[in-house]
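Have the sequence and the 3D view ready, and take your time turning the model around.

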Amino acid sequence: MTEKPAIKVEKLVKRFGANTVLSGIDLVVPRGQVTCLIGPSGSGKSTLLRCIAFLEEANEGLIEINGEPLGFTSGEYGERNRLPAAQIQKVRSHIGMVFQQFNLWPHMTALGNVAEALVTVRGMPRKAAEERAMAQLSNVGLSARAGHYPSELSGGQQQRVAIARALALDPDIMLFDEPTSSLDPELTGEVLNVMRELAQSGMTMLVVTHEIGFAASVGSKIVFLDHGEKIVEGRPDEVFGKPRHERIDQFLDTYLDRGAATLL
Amino acid sequence: MTEKPAIKVEKLVKRFGANTVLSGIDLVVPRGQVTCLIGPSGSGKSTLLRCIAFLEEANEGLIEINGEPLGFTSGEYGERNRLPAAQIQKVRSHIGMVFQQFNLWPHMTALGNVAEALVTVRGMPRKAAEERAMAQLSNVGLSARAGHYPSELSGGQQQRVAIARALALDPDIMLFDEPTSSLDPELTGEVLNVMRELAQSGMTMLVVTHEIGFAASVGSKIVFLDHGEKIVEGRPDEVFGKPRHERIDQFLDTYLDRGAATLL
Amino acid sequence: EDILDKVKAAGVLKVGTETAFAPFDFIDAGQHVGMNVDLFAEIGKELGVEIEWVTLPWDGVFPGLESGKFDMVAGPATITNDRMKRFRFTSPVAEATVALLKKAGDETITKPEDIAGKPVGSGKATAQLAQVIEYGNTLPSPIEPKEYVSFNEAYADLAAGRVVAVANSFPNIAYVAQQRPETFELVEPPFGVKTYFGFPGRPDPEYATLMDAIDAALAAIKADGRMGEIQKKWFGVEFDTPEKIEKANI
Amino acid sequence: MSWKLFWLLVEASRLTIILSAVSISLGFVLASLVCAAVMSGNRAARAAGRLFVSFFRGTPLLVQLLLIYYLLPQIGLNVPSEVAAIVGMSLCTAAYQAEILRGGFVSVPRGLIEAANMCGFSPAATFRRIRLPIAVQLTIPALTSEAIMMLKSSSLVSVVGVIELTRMAQDLAASTYRPLELYAAAGFVYLVINIVVAGLGLGLEKRMSWGRL
Amino acid sequence: MTFDLDLIISFLPDILRALGVTILLWIVGSALGILVGFVIAVLRRYGPRGLDLALLAPVELIRGTPFLVQIFLLYYGGPFIGLSLDSVTAGLVGLTIYGAAYYSELWRSGFNAIPRGHIEAAQCVGLNRRQTLKRIILPEMTMLLLPSMVNMTILMLKETAILSIISVPELTLAVSALGTKYYAFVEGFAILALVYWALVEACSAMGRYAERRLSKYRFAAT
Ligand SMILES: Nc1ncnc2c1ncn2[C@@H]1O[C@H](COP(=O)(O)OP(=O)(O)OP(=O)(O)O)[C@@H](O)[C@H]1O
Ligand SMILES: Nc1ncnc2c1ncn2[C@@H]1O[C@H](COP(=O)(O)OP(=O)(O)OP(=O)(O)O)[C@@H](O)[C@H]1O
Ligand SMILES: [Mg+2]
Ligand SMILES: [Mg+2]
């Protein structure tokens with residue numbers, strides 16, 4: 001099964017009412033690498049990620065995770081057949097997701113957030129689950145904060161707990177949706193470092209980000225989305241280096257424009 | 001009166017309970033220029049700005065706006081005397097303020113938000129006020145959205161309405177508290193452009209910002225605050241160029257760390 | 001199914017009543033006491049059954065009777081023609097003729113006629129209210145009627161001074177005056193037409209034997225003087241009561 | 001007013017407390033179900049839930065109690081007074097609590113539920129471990145006031161033959177003809193009970209304040 | 001069980017008149033309660049701290065005791081301290097006081113729910129306290145509080161039924177005549193259930209309509 005890509009998206013179409021948000025996306029996320037999804041606001045990045053996590057159901061197209069179909073298979077005549085819920089859940093269990101807004105459960109401590117699914121979903125005894133959760137928290141440098149509630153943690157710490165929570169379930173693939181964009185610039189560093197380490201350990205990652213710098217330095221592959229279509233795809237030097245695709249040029253301008261250039 | 005600075009802050013001390021947030025700040029904001037206030041989170045930037053807008057009362061020290069005392073004057077023996085409310089209001093009317101969270105009034109349209117103070121405070125007839133408000137909205141490129149409620153506007157549009165609301169009262173001085181940090185990166189561009197134009201028109205501006213690039217390119221003067229003290233002050237090239245103050249170096253690292261360097 | 005058979009078989013007669021109607025039924029020191037309690041004890045003996053009391057606010061009593069929660073109502077209620085259309089009453093157990101209660105020491109009212117032109121309270125839609133209004137119309141100037149959801153509020157308002165008198169059945173107000181002589185006083189004599197209290201029961205055929213049996217029991221209790229004793233105990237006087245009311249005076 | 005009378009009131013208040021406590025708890029369970037029905041995807045369940053809420057919020061509790069106590073025997077269910085009182089109060093408060101809870105549930109940020117989905121929670125586990133605790137925490141103040149309201153409304157259950165605090169006061173007033181004193185005393189007892197309930201609510205709120213969402 | 005429709009029809013004029021009284025008392029009582037409640041909330045928020053505490057006690061006293069007890073003491077106890085109100089006035093005063101206590105708490109929660117920044121923005125453009133209250137805080141609160149205000153107003157309707165105990169000629173008292181005179185309790189309760197239900201539904205429908213109309217004023221996402 002190792003020859004299969006971690007995620008394979010085929011002709012994915014997603015509409016909200018009359019509004020077509022993704023118009024036939026094809027995407028391959030290779031195993032053990034970091035793929036970064038960039039693009040202007042409203043281009044459909046989050047929607048694509050959410051479809052891959054099956055938080056939204058695509059209207060057309062197929063998704064495969066580690067070669068197994070997620071949600072739908074194509075039938076004999078090309079029609080889509082919905083898979084049973086248990087099957088969906090099984091395939092989804094390969095995926096961990098980290099949200100922009102952290103989405104920690106406010107009524108559980110950091111440790112509780114990480115341990116909860118191990119107990120409730122995996123059926124581990126509470127004690128064993130907490131040991132495992134503690135190990136995960138250490139990995140993200142938060143063992144000292146295990147007993148704190150989310151409201152008592154800084155944004156960067158909250159996001160690291162969210163990462164630990166996703167990792168505790170041992171996913172093959174991690175999806176990140178702008179994991180740093182609700183953080184202060186100084187807190188952003190913390191989280192990007194954890195992600196960088198995770199990338200080095202060989203985790204398959206698909207990251208929606210506005211941190212062009214991070215994408216350029218950590219991503220093995222950059223995918224640029226605009227108006228629900230994949231415009232450019234390639235290694236960072238191919239995408240950002242000259243000659244650049246005109247749309248990328250324009251997009252980067254909005255960052256450069258902010259004057260970062262003068263500084264460095 | 002033109003020789004007087006727009007804002008002059010002397011030995012300003014602000015405590016919240018036992019916590020001293022500003023410990024004796026001296027600051028001069030020259031007329032017609034952009035002064036940027038930077039510093040790590042919690043260093044007291046917002047508090048300083050809020051004291052200058054008289055949204056907080058400082059515990060010690062004096063503030064002068066265009067040479068007139070704001071809130072307090074020093075008496076014969078160096079004691080502070082509180083000025084009457086009307087006087088405070090008069091001095092404060094030189095100042096316009098734009099908040100991080102926009103703080104538009106949700107029950108009024110964009111036009112209503114801008115016109116409100118003209119009618120209620122200045123006593124202008126509603127029709128004249130709306131004409132003037134409309135002109136302000138055009139200035140920030142929003143005339144087409146005048147009839148929309150804040151909930152129907154994007155973040156960038158909301159922030160531009162907030163700027164128009166402050167400008168409608170014809171202030172000499174504009175205070176900005178991280179005006180773009182609750183915006184998506186692309187929406188940030190909109191607002192920074194409006195601010196850049198405002199700077200070019202000669203408005204006196206004091207801007208708290210995390211956009212180092214903007215500060216470096218638009219600011220005439222950079223003030224770096226840490227732990228309630230002014231650490232460094234000077235032209236951008238003085239502050240950011242080498243040799244740098246050690247604390248600035250450390251502060252900038254958190255930005256450069258994010259990999260922006262590799263890109264450019 | 002005949003209800004009398006059912007009652008006899010169970011050995012229990014269920015009686016519904018409200019406990020805010022002194023001296024017939026009320027709570028004294030936490031106990032349900034009153035003329036009805038004594039009288040039904042005798043009726044129970046006559047029928048050879050136990051009495052089981054179900055106490056409810058007046059609002060709940062008749063829905064309870066109609067839904068079969070209990071076999072009859074102790075009440076008692078003034079027997080009127082309107083009510084007889086809907087329920088069957090037992091033979092009278094006391095006089096219900098209307099009299100007036102006034103504030104103790106009120107010199108302006110010494111006889112019933114003195115209420116002319118003045119505010120007088122009574123229960124809303126009660127027989128007593130109808131009578132006092134009618135009586136007022138015979139006076140030089142009619143009274144100003146005030147209606148209350150129950151008589152207890154009317155007494156409270158008499159104490160508060162908004163009405164000069166309360167019209168209610170003689171046994172009730174005689175008891176009120178006796179309980180709080182410092183506040184209330186009876187105006188004698190009763191002014192109304194002669195009416196009587198009876199216990200309401202169901203008019204349905206299956207209840208007929210039960211109601212007949214109760215009437216028979218009451219006749220026996222009246223005949224051997226037990227009724228007189230009970231009346232004396234609770235009202236201080238004995239009443240002459242007819243055997244059966246076919247058509248009431250109101 | 002003698003101590004003896006006051007003591008009778010205090011004793012009657014025991015029933016008030018028991019009936020209210022049982023009804024409020026039962027009502028909470030029922031409210032969770034009704035709330036689930038109103039928020040469910042099933043059309044019929046939604047309509048049934050809405051009708052339930054509309055009826056039990058819309059009609060006087062007095063009438064509801066009479067219906068339960070007097071109509072049930074007609075279909076062969078002869079419930080004792082206390083049971084009728086508890087059923088009536090539970091149904092009524094369930095309607096109010098369901099609406100309060102619904103407000104709580106819709107305020108549970110969607111992201112928290114999505115996070116649970118991503119961790120593989122079943123819908124039932126998501127409900128039990130995530131949505132319910134958060135919805136309850138958000139609504140404790142409102143639920144406390146509803147409990148106090150219900151305590152006060154419990155005076156109406158006397159109509160099915162339960163002698164609770166208000167009824168005892170009325171009965172005593174009717175035999176002693178001293179309504180003012182008795183009503184004032186009853187009001188005082190209610191006040192004491194309600195202060196305790198409000199205190200409990202505050203305590204619960206503190207215990208469940210893991211900070212804001 | 002008997003159900004006599006003709007009896008209801010013969011009582012209809014009385015019932016309609018009483019319905020008018022109920023609706024009038026409900027609307028006027030709620031309106032006054034909302035108004036007085038607002039004043040209390042403003043005094044508690046902007047007045048001196050002592051006033052806040054001084055108002056806390058009566059508000060909690062009213063909220064902690066049944067309306068029945070309050071209205072009884074006001075109407076029948078009032079004359080003993082020289083306060084002799086007629087029943088409708090006493091009913092209105094009682095409803096207003098009762099409602100004011102509850103509404104004041106709603107208003108208070110509304111004050112707390114308005115983002116501080118909205119008020120600071122008003123301060124910055126020079127609105128004074130009164131103008132801020134009138135132009136910013138009040139309208140913003142109104143839409144925030146609409147659902148809970150509707151809820152409370154429905155409770156107020158239910159409380160008007162209690163006023164029968166002080167002889168206010170409202171619906172419940174009028175219908176009680178059916179019971180007392182003809183012993184037709186079932187018919188009476190059927191009327192009460194239907195009429196109150198209809199009024200409550202009308203009130204919630206208006207609430208829902210207003211909520212829809214105001215939905216565009218909801219706080220903008222930031
Ligand atoms: N639940 C929804 N209902 C309707 N439209 C939606 C919904 N979610 C997203 N959209 C629309 O789909 C489009 C793509 O949204 P998406 O969130 O995927 O963009 P994005 O690339 O993630 O943008 P951003 O960088 O701002 O997060 C937008 O126009 C958005 O308005
Ligand atoms: N109202 C307040 N009460 C108590 N402490 C406060 C208050 N406002 C601010 N502080 C404290 O004052 C310090 C400075 O806060 P301030 O908001 O001025 O920092 P800042 O430089 O603007 O930070 P940031 O970049 O995060 O906005 C912080 O430690 C903060 O906790
Ligand atoms: Mg997105
Ligand atoms: Mg700040």
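## A helix crossing in chain E

Start with α4(E), which passes α6(E) in a right-handed crossing. A crossing gets that name if the near helix is turned clockwise from the far one by less than a right angle, and left-handed if anticlockwise. The two partners are helix α4 (residues 87-113) of chain E and helix α6 (residues 129-160) of chain E, and they pack at an angle of about 140° with their axes 9 Å apart. That angle makes α4(E) oblique to α6(E). Here, under 35 degrees counts as roughly parallel, over 145 as roughly antiparallel, 65 to 115 as roughly perpendicular, and the rest as oblique. The axes are lines fitted to C-alpha atoms, for helices over the stretch in contact, and angles run from 0 to 180 degrees between N-to-C directions. As for the labels, helices (H or I, at least four residues) and strands (E, at least two) are DSSP runs, numbered from the N terminus.

What kinds of residues make up the contact of α4(E) with α6(E)? They divide into 17 nonpolar, six polar and one charged. In this scheme Ala, Val, Leu, Ile, Met, Phe, Trp, Tyr, Cys and Pro are nonpolar, Asp, Glu, Lys and Arg are charged, and the others, Gly among them, are polar.

## How to read the model

This is a predicted model, where local features need pLDDT of at least 70 and side-chain atom pairs count only at pLDDT 80 or more, while totals for chains, interfaces and linings use all residues. Residues are numbered from 1 along each chain as its sequence is written, chains are lettered from A and ligands numbered from 1 in the order in which they are written, and side-chain values use heavy atoms, with hydrogens and water left out.

## Around ligand 1

Residues from chains A and B surround ligand 1, so this site is shared between chains. A residue is near a molecule or strand if one of its heavy atoms lies within 4 Å of it. Of the 13 residues around ligand 1, the ones that come nearest are S41(A), G42(A), K45(A), S46(A) and T47(A). Helix α1 (residues 45-52) of chain A gives the most to this shell, with three residues. Sorted by class, the shell around ligand 1 has three nonpolar, seven polar and three charged residues.

Now for polar contacts, meaning pairs of N or O atoms within 3.5 Å (within protein, one must be able to donate a hydrogen and the other to accept it, and residues adjacent in sequence count only if both atoms are side-chain atoms). A polar backbone atom of G42(A) is 2.8 Å from an oxygen atom of ligand 1, and for a polar backbone atom of G44(A) the distance to a ligand 1 oxygen atom is 2.9 Å. On its own, ligand 1 has 630 Å² of accessible area, and the protein covers 61% of that. Accessible areas come from the Shrake-Rupley method with a 1.4 Å probe; for residues, only the protein chains shown count as cover.

## Around ligand 2

Which side chain has a polar atom 2.4 Å from an oxygen atom of ligand 2? That's T47(B). Backbone N or O atoms take part too: one of S43(B) lies 3.2 Å from an oxygen atom of ligand 2, and one of G44(B) lies 2.9 Å from a ligand 2 oxygen atom. The protein covers 60% of the 630 Å² of accessible area that ligand 2 has on its own.

In chain C, a cis peptide bond joins G75(C) and P76(C), with omega about -5°. You can find P76(C) in the loop between β6 (72-73) and β7 (77-78) of chain C. Another cis peptide bond joins E188(C) and P189(C), with omega about -5°, and P189(C) sits in the loop between β14 (184-187) and β15 (196-198) of chain C.

Over in chain A, F54(A) has a positive phi of about 60° although it is not a glycine. Look for F54(A) in the loop between α1 and β4 (60-65) of chain A.
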